[in-house]
Amino acid sequence: MPVRLRRRRYRDPRTTPGLWQPVEGPSLPDDSTVHLVLDLALRVGEVQLASGAGAADVTATVMAVADAYGLPRTEVDVIYTSITVSCHRGTEAAPITSLRVVRSRGLDYTRLAAVEDLIRRITSDEVGAADAYAELDRITKQPHPYPRWVATAAWAGMAGAVAFLVGGGPLLALTAALVTAVIDRVGRVLNRRALPFFFQQVVGGALASTAALAMYATDLLPSVRPSLLVATGIVVLLSGLSLVGAVQDAITGYNVTAAGRTMEIALLTAGLIAGIALVLRAGVQFGVRTSVADPLPPLISDVPMQFAAGAATSAFFALAAYAPPRVLPIAAAAGAVGTAGYGLLALTGTNAITCAAVAATAVGLGGAVVSRRLRTPPLVVAVAGMVPLLPGWTTYRGLYQLTIEGDAAGLSTLVLAAGTALALASGVVLGEFLGRPVRTGLSRLERRLAGPRLSGPLRPARRRVE
């Protein structure tokens, strides 16, 4: 839709007679079309923000959609719970401002992928505003692509793969899968009753710890290490947190949104820690004291097994997050690359944080290059690829040291776990940033892109300065 500038002269009664002032502004569609386009752009941004996309990506997407339908002068403000967009209409007309509150969040990567495809068609002038609005309405109202039991089975499969990844055997994998399936079903029941997510994390951590203590006390499964079972549960419960989005927002300057995401991550992690700590202390009171065994073996101790376990962990996570079937092999490859890179660096004596950062950077770089060509949101590949490297074992060890042993060294262990998680998220963002020149092949275009792109259009709308 062409954009024409209006320029005429009028007499300003507040100034000296005879002095003429220029009036400038874009030639916009009628008001009903402007309202339609703004609402469409807001709803697209809402889907992205609810799926964990960064504020910079949401801002670029909203501006690109508005620009594609003839609204070149829009200002977008994204915070953690709402999106505001204002359309400038020149010096004669008042701007039109719309606001949309993001009330719910959830992982549905099929919905995100469908919206990404719609964004590409919008920015390529392949679909009109009314048709795009109708298609977006259909995308957001359709149910999840898989039945709920498939997601539960995927979470259970992910727990089993993590059990192999931390050095457990088939018995530990089966036990972790059963416990995770129970946690998921209980979480669904609590979610239907609108229990806050903090308390759901408390219940999840308590269930994982209770199962481990019960097996240890009854000697039901003597070959299963309780510490590994709890560590597996921690990885599963941490995997849904928006670590990547929080770091991306902080790096790109959206500090309010980054603070909101960080506060949510800290609160949910605190709920998980509280649930585990309560059960561990209760176990001590009842005379059930587990022990933290020797440190874990290196991730690359059994190359084929660890490589396959990392791939399976990422693939199962993507399936549990309702990713499209075509994304599952890409997610599996990202998990395999991240796990192998971490293990190889660990064998050279590199510290855990550096290993995590380098491995996550490789995942982000590979996801940036491959995902765009396969029309897959890089966010899906990035998050799935870093899941096998989440510091579940380190978190449990720190909690055990603080809660059971009363050792102040547990605090430094928890700081190490937090640093590892931060290194994973920042490495993914850095990998996406490094992948931009490879993807575009043009340095000038690369310089015009504002920040790492994990979601939304690859070419954000240009800011016209009329």
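The exercises below concern salt bridges, a helix and a surface patch in a predicted model.

Residues are numbered from 1 along each chain as its sequence is written. Local features need pLDDT of at least 70 and side-chain atom pairs pLDDT 80 or more, while totals for chains, interfaces and linings use all residues, and side-chain values use heavy atoms, without hydrogens and water.

**Exercise 1. Helix span**

Task: Work out what span helix α1 should have at 1.5 Å a residue.

Solution: 
- Helices are DSSP runs of H or I with at least four residues, and strands are runs of E with at least two, numbered from the N terminus.
- The expected span is 1.5 Å times one less than the number of residues.
- Helix α1 covers residues 31–50, which is 20 residues, so the span should be 28 Å.
- The end C-alpha atoms of helix α1 are 28 Å apart, which agrees.
- Just after α1, glycine 52 has a positive phi of about 100°.

**Exercise 2. Salt bridges of glutamate 135**

Task: Find which side chain meets glutamate 135 in a salt bridge at 2.8 Å, and which one does at 3.8 Å.

Solution: 
- A salt bridge is a side-chain nitrogen of Lys or Arg within 4 Å of a carboxyl oxygen of Asp or Glu.
- Side chains of opposite charge can pair when their charged atoms come close.
- At 2.8 Å, N to O, the partner is arginine 121.
- This pair links distant parts of the chain: glutamate 135 is in helix α4 (residues 129–141) and arginine 121 in helix α3 (residues 109–123), 14 residues apart.
- At 3.8 Å, N to O, the partner is arginine 138.
- Arginine 138 and glutamate 135 are three residues apart in helix α4, so about one helical turn separates them.

**Exercise 3. Another pair**

Task: State which residue forms a salt bridge with aspartate 108, and classify both residues.

Solution: 
- The partner is arginine 111, at 3.9 Å, N to O.
- Aspartate 108 has 6% relative accessibility, so it counts as buried.
- Arginine 111 has 24% and is therefore partly exposed.
- The whole structure holds 10 salt bridges, and Asp39, Glu46 and Arg100 are linked in a network of them.

Technical notes. Buried < 20%, exposed > 50% of the residue type's maximum accessible area, 1.4 Å probe, protein only.
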